[in-house]
Amino acid sequence: MNKELIYRTLTAFIAGGISVSAIAYAPGGLWVFCGVVSMAGVAEFWRVSGIRARRYTWTTWAWGLLGWVLVAAWRLFGIEGENQTWIWTWAVSLYPALALLALFNEKEKNPLQTLSLMGFSYWYVYLPLVLFFLFSVPGPTLIYDSRLPLGILFLTWFLDSGSYFAGKAWGKHPIFPRISPKKTWEGAIGGAVICWITGYFLEQYWKIPGVSWIIISVIISVVSQLGDMIESMFKRSVHLKDSGSILPGHGGMLDRFDGFFLSIPFIQLYFLLSGI
């Protein structure tokens, strides 16, 4: 067993065990998980994008932390009830604030690029985690079912692991050689099969009324792998192998959750279309 695989396995057991335990314990655990992944993820995105200006990063961090406080007040404690106007006010307030900072920053040479990257970091990383938390936690007066968020994470992790090992064993035909020569069709198909099998077992033994794990597994098996390719495209454009080193053997938060970020909106779309 090589060193990378050892690090990868240990990280998966330790970080995965802590995450699963927190999410299974209470909705507050899921809130912490989503908050940590989202804030660490956007920080990585800024570093990868070359954003260093503290006035932007501090403002955006404060906005992000405030957002998680407001989400907790709404879904964990029931404050504000059905009034969601404050959510939209918070959601759109970041961009005017950053634009004003750029206006009064004499050293800012390319405000359009900087503000676009700051905004995109939240659409790409932060908001999918908020969406994940919101559809997993129906409210303080309803029963929290940890099987939904855990099942989605299990499907994503099994897909990633299946793709990794199938690619190592049989990978010969790259999907996008110009972006990621090591990601092969054999790995993608192997990961998808593992994901579908996992979805089948969840459907049999972890059934949630109204939720089809088979459909969710199909969504994740396709969209998550496209998300992985998109993040590889971003990294290649700035000549990086990994987005960070916070997770030994896996890289950074963006490396670990790249497919997850893209699949969450599509899972939410499935819920909307099926009336869940």
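Q: Which residues form one aromatic cluster with F33?
A: In this predicted model, local features need pLDDT of at least 70, side-chain atom pairs count only at pLDDT 80 or more, and totals for chains, interfaces and linings use all residues. Residues are numbered from 1 along each chain as its sequence is written, and side-chain values use heavy atoms, leaving out hydrogens and water. Rings of Phe, Tyr and Trp (its six-membered ring) pair if their centres lie within 6.5 Å. The residues that form one aromatic cluster with F33 are F132, F135, F257, F260, Y270 and F271.

Q: How are the planes of the aromatic pair F45 and F120 arranged?
A: Planes under 30 degrees apart count as stacked, over 60 as edge-to-face and the rest as tilted. The rings of F45 and F120 are 5.8 Å centre to centre, with 50° between the planes. The pair is therefore tilted.

Q: Is F45 buried or exposed?
A: Buried means under 20% relative accessible area, exposed over 50% and partly exposed in between (1.4 Å probe, protein chains only). F45 has a relative accessible area of 6%. F45 is therefore buried.

Q: Are helices α4 and α5 roughly parallel or roughly antiparallel to each other?
A: Helices are DSSP runs (H or I, at least four residues), numbered from the N terminus. The axes of α4 (residues 85–103) and α5 (residues 111–136), lines fitted to C-alpha atoms over the stretch in contact, cross at roughly 155° on a scale from 0 to 180 degrees between N-to-C directions. Angles under 35 degrees count as roughly parallel, over 145 as roughly antiparallel, 65 to 115 as roughly perpendicular and the rest as oblique. Helices α4 and α5 are therefore roughly antiparallel.

How values were computed. Helix = DSSP H or I, 4+ residues; strand = E, 2+ residues; numbered from the N terminus.
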